[in-house]
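Here is a short report on one protein model. Read it with the structure open beside you.

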Amino acid sequence: MMEDEGEIDRLPIDLLSYIFVFINSFTDLAQASSVCKKWKRGVKQSLARRETLSFAGWKMDDDSTARLVRHAYSLKDLDISRSRWGCQITDKGLYRISLAKCVGNLTSLSLWGMTGISDIGVLQLISKTNALQHLNIGGTFITDVSLFAIAERCPHLKIMHVSCSFVECSSVELPPRNRKRASSSCK
């Protein structure tokens with residue numbers, strides 16, 4: 001090894017990725033990944049180790065969100081809720097997220113306030129979520145079409161939060177095992 005090499009450069013890639021798991025700022029992760037090739041691999045490996053990703057509070061778009069989710073192989077909890085700064089995910093983004101290998105392992109998904117999505121994107125994503133137990137689709141413009149698909153394709157669903165103006169609550173029947181924990185406030 002070179003004498004002028006820093007101590008951190010001697011860390012094995014696995015240890016670097018373990019350290020990067022504790023960084024929650026996507027801006028900081030992006031900066032870390034641009035330091036050198038080894039750190040870029042470390043950031044990618046840290047994403048692969050994450051079980052939870054939350055984009056709430058971050059200004060994210062379809063491309064950046066799908067790219068990060070694609071690297072998060074162990075992901076179980078995904079929160080792409082719209083916040084004050086605006087996560088700008090559309091149906092195109094949900095489609096790209098649905099192609100990620102981790103989607104079948106998701107147990108919790110929040111799409112709260114995502115006004116850029118419709119039944120088309122939700123159907124695409126829900127068709128791949130085999131293990132989903134918690135779902136928040138409040139504040140979206142989805143209709144009964146998505147709710148029927150969710151009821152049909154998510155056999156493990158325990159909790160679902162719905163508060164949208166385009167849903168007729170009386171027309172959606174959840175399976176008996178899920179019925180008691182679904183919450184809604186439809187207008």
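## A nonpolar patch

Tyr18 sits in helix H1, which spans residues 13–20. Helices here are DSSP runs of H or I with at least four residues, strands are runs of E with at least two, and both are numbered from the N terminus. Tyr18 is partly exposed, at 45% relative accessibility.

Together with Leu15, Ile19 and Phe22, Tyr18 makes a nonpolar surface patch of about 400 Å². Patch residues must have over 30% relative accessible area and no salt bridge; nonpolar side chains (Val, Leu, Ile, Met, Phe, Trp, Tyr) are joined within 5 Å, and like charges within 9 Å. The areas come from the Shrake-Rupley method with a 1.4 Å probe, and for residues only the protein chains shown count as cover.

## About the model

This is a predicted model: local features need pLDDT of at least 70, side-chain atom pairs count only at pLDDT 80 or more, and totals for chains, interfaces and linings use all residues. Residues are numbered from 1 along each chain as its sequence is written, and side-chain values use heavy atoms, with hydrogens and water left out.

## The overall layout

The protein has eight helices and six strands. From the N terminus, the elements run α-α-α-β-α-β-α-β-α-β-α-β-α-β. How much of the protein is buried? Of the 187 residues, 42% are buried.

## A positive patch

Lys40, Lys44, Arg67 and Arg70 form a positive surface patch. Lys and Arg count as positive, Asp and Glu as negative, while His and the chain ends are not counted. Each charge is placed at one atom: NZ of Lys, CZ of Arg, CG of Asp or CD of Glu.

Which helices supply this patch? Helix H3 (37–49) and helix H4 (62–71) each give at least two of its residues. Arg70 belongs to helix H4. Arg70 is partly exposed, with a relative accessible area of 42%.

Ala30 and Lys40 are ten residues apart in sequence, and their C-alpha atoms are 8.5 Å apart in space. Ala30 lies in helix H2 (residues 26–33). Ala30 is partly exposed, at 43% relative accessibility.

## One salt bridge

How many salt bridges are there? The count is one. A salt bridge here is a side-chain nitrogen of Lys or Arg within 4 Å of a carboxyl oxygen of Asp or Glu. Asp63 pairs with Arg96, and their closest N and O atoms are 2.2 Å apart. The pair links distant parts of the chain: Asp63 is in helix H4 and Arg96 is in helix H5 (residues 91–98), 33 residues apart.

Asp63 is partly exposed, at 34% relative accessible area. Arg96 is partly exposed too, at 28%.

## Cysteines without disulfides

A disulfide is a covalent bond between the sulfur atoms of two cysteines. The test used here asks for a pair of cysteine sulfur atoms within 2.5 Å. The whole structure has zero disulfides.

Are these cysteines buried or exposed? Cys36 is partly exposed, at 30% relative accessibility. Cys102 is buried, at 2%. Cys154 is buried, at 0%. Cys154 sits in the loop between helix H7 (144–153) and strand S5 (159–162). Cys154 and Ala131 are 23 residues apart in sequence, yet 7.2 Å apart in space, C-alpha to C-alpha.

## A buried glycine

Gly113 lies in the loop between strand S3 (108–110) and helix H6 (119–126). Gly113 is buried, at 9% relative accessibility. Ser81 is 32 residues away from Gly113 along the chain, and their C-alpha atoms are separated by 6.0 Å.

Key. Buried < 20%, exposed > 50% of the residue type's maximum accessible area, 1.4 Å probe, protein only.
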